[in-house]
Amino acid sequence: MHLLLDHEGYLPVFAHITEGNVHEVNMANDLSLPAGSIVAMDRGYNDYGLFAKWTEQGVFFVTRLKDNALYHVVEEHAVQERGPVLEDQTIELDGAAAQKKCPHRLRRVKVWDAENKRTIALLPNNMKLASVTIAAICKDRWQIEIFFKTIKQNLKVKTFVGTSANALKIQIWTALIAILLLKYLQFRSRIAWSLSNLVALLRYNLFTYRVLWAWLDDPFETPPRGATGVVGAQIWTASDETL
């Protein structure tokens, strides 16, 4: 499952399901991003042709620089003392193939990862943002890992109820729809729900007739007598114009 997560709300704005042998760079090349976007991604998306295309379209990115990348430093920039950023440089890629694919100047920002006790070299193409902001954007990429972990822990995606390709896709798409609804309920509630607690208590109340919005803010109130059981529901349809 290839996902593009929006920083605002950390919810998917693009999702595509493929077989496991389809490289993620193929999906990135098909994305249509508005100018000014900033994409945080891991080294699996390291493709100089993609970097050049996004730079020419006004799309910014922050990723990890490959350990074997060849480059030369064009300019050194000052960094804050005792800060997480160790180096901030303007670079150009070396090598005939790299230069041909991406002739644009890029940045190399070297930061100290205090949690894992290591240094990380970042490769952004934004020349105006502060180096500490670049480091923060890269750190925020971890939200995609948290999103996948949340789905695996709270929804049924690690085992499948069907074995056909269509059955698998239906179950994954259902999980994405469910997480969207759960996030909306979490947003609407006036109490500080954790997503795992919300999922657990919703399971316990699936066959209890409650007013959903009232229950969200007071989940431990005793339900009215005789309110347990499966109830009917009205189904509303809408045309595509209404949607």
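**View 1. Cys 102 is buried, with a relative accessible area of 0%.** Buried here means under 20% relative accessible area, against over 50% for exposed and in between for partly exposed, with a 1.4 Å probe and protein chains only. The model is predicted, so that local features need pLDDT of at least 70 and side-chain atom pairs count only at pLDDT 80 or more, while totals for chains, interfaces and linings use all residues. Residues are numbered from 1 along each chain as its sequence is written, and side-chain values use heavy atoms, with hydrogens and water left out.

**View 2. The structure holds zero disulfides, a disulfide being a pair of cysteine sulfur atoms within 2.5 Å.** Cys 102 is in no disulfide, and the nearest cysteine sulfur, that of Cys 138, is 18 Å away. Seen from Cys 138, the closest cysteine sulfur is in Cys 102, and the 18 Å between them is too far for a bond. Cys 138 also counts as buried, at 16% relative accessibility.

**View 3. The protein chain has eight helices and eight strands.** These elements are DSSP runs numbered from the N terminus, with helices (H or I) of at least four residues and strands (E) of at least two. Along its principal axes, the C-alpha trace of the protein chain spans about 75 × 45 × 35 Å. Of the 243 residues of the protein chain, 33% count as buried.

**View 4. The protein chain carries 27 positive and 25 negative side chains.** Lys and Arg count as positive and Asp and Glu as negative, without His or the chain ends. The centres of the two sets lie 6 Å apart, with each charge placed at NZ of Lys, CZ of Arg, CG of Asp or CD of Glu.
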